[in-house]
Amino acid sequence: MEESRTMKGQPILKSLSLDFNDRSPAANRRRRIVWTQRARHLTQIGFGLFIIAGSIAHQTAVTDGATPSIDALCPFGGVETLWRFLSSGGQYVPKTHLSNLVLLAGLVIGTLIAGGAFCGWICPFGAIQDMLNGIRKRLGIRPVELPARLDRILRYGRFVTLALILYQTISLTKLWFADIDPYRTLFGLEWLFEFNLLTSWPAYLATITVLIGSFFVERAWCRYLCPLGGVISVLGRFSLLRIRRSGDACTQCGLCARPCPVKLEVNKAKVISSNCIGCLACVETCPRRSALEVKLAPAWLLAPRPDTLQPVKP
């Protein structure tokens with residue numbers, strides 16, 4: 001209880017110091033948190049640098065088309081071009097490639113195994129939002145916490161965005177969203193090599209708006225607008241690995257819910273929502289062994305034990 005009081009109101013993951021001589025359960029838990037999140041951030045940085053290197057190679061290539069653009073390195077391009085590929089006998093939406101479908105297939109398989117881990121460990125735009133959140137914490141600025149009801153409603157925005165993009169892409173046979181996509185705008189590096197405010201201002205405005213929003217509202221893009229996140233959320237319902245909470249071991253201390261980047265009510269769920277990005281912050285923060293665990297226990301196959309049943313908000 002003393003530990004809970006000292007941590008209350010403070011960011012769980014904020015600059016935890018490691019004392020390797022301290023073998024207490026609390027110290028071991030702090031070490032787990034630090035090392036898990038360091039591994040996650042290093043993975044994010046690695047994938048981010050890979051995308052940036054690819055964009056630099058594309059922007060500086062002497063021969064046009066010699067290196068792939070960022071469009072060919074995104075699994076969402078596979079979502080956008082899938083209908084045309086199936087309906088036209090193998091043709092692609094311009095600027096997409098077979099690589100998009102391969103990446104999409106890999107994403108589908110990965111999501112069916114590990115849920116939304118792509119969002120928490122791989123996606124470069126997710127890493128940018130985590131970085132903004134870290135900067136905000138260091139500046140001592142409190143995040144904007146939306147009311148729970150409004151938060152639940154706004155999460156449907158991902159599906160509205162997804163439906164609009166697919167409709168426009170199929171109708172126009174072009175990557176309609178590419179002109180304002182914050183991820184493509186930021187990591188495509190055209191703003192660095194071919195800055196053009198006159199023609200690209202909608203993309204710049206959309207990107208700046210999303211980044212500012214994500215500075216004040218943690219992972220705002222992921223929670224409310226990301227179309228790929230909508231796809232992953234649906235597929236994640238069928239994932240084999242899920243985080244489950246044990247009603248027997250849980251003390252309802254609420255520590256697990258505080259570090260969640262997408263603000264899920266982890267402490268009230270029996271099976272964590274498919275909106276989970278797999279960052280594992282909740283699991284590592286939980287002070288009770290076996291209260292919160294990653295299990296090979298898909299929600300669609302295994303019914304929860306009666307002792308874990310509790311009302312869960314949508």
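**Helix α8 and its surroundings**

Helix α8 is followed by T173, a residue whose phi is positive, near 50°. The model is a predicted one, in which local features need pLDDT of at least 70 and side-chain atom pairs count only at pLDDT 80 or more, whereas totals for chains, interfaces and linings use all residues. Residues are numbered from 1 along each chain as its sequence is written, and side-chain values use heavy atoms, with hydrogens and water left out.

The chain has 14 helices and two strands, these being DSSP runs numbered from the N terminus (helices H or I, at least four residues; strands E, at least two). Of its 314 residues, 42% count as buried, where buried means under 20% relative accessible area, exposed over 50%, and partly exposed in between, with a 1.4 Å probe and protein chains only. Among contacts (heavy atoms within 4.5 Å) with a separation of 6 or more, 74% are accounted for by residues 24 or more positions apart.

Helix α8 comprises the 16 residues 157-172 and reaches 22 Å from its first C-alpha to its last, close to the 22 Å expected at 1.5 Å a residue, the expected span being 1.5 Å times one less than the number of residues. Its buried residues are G157, R158, T161, L162, I165, Q168 and T169. Seen down the axis of α8, these buried residues fall within an arc of 140°, and so line one face of the helix; the arc is that of the directions from the helix axis to the C-beta atoms. The buried residues of α8 pack against α3 (75-87), α7 (148-154), α12 (220-224) and α13 (227-236), while the face turned away from the buried side carries the exposed residues V160 and Y167.
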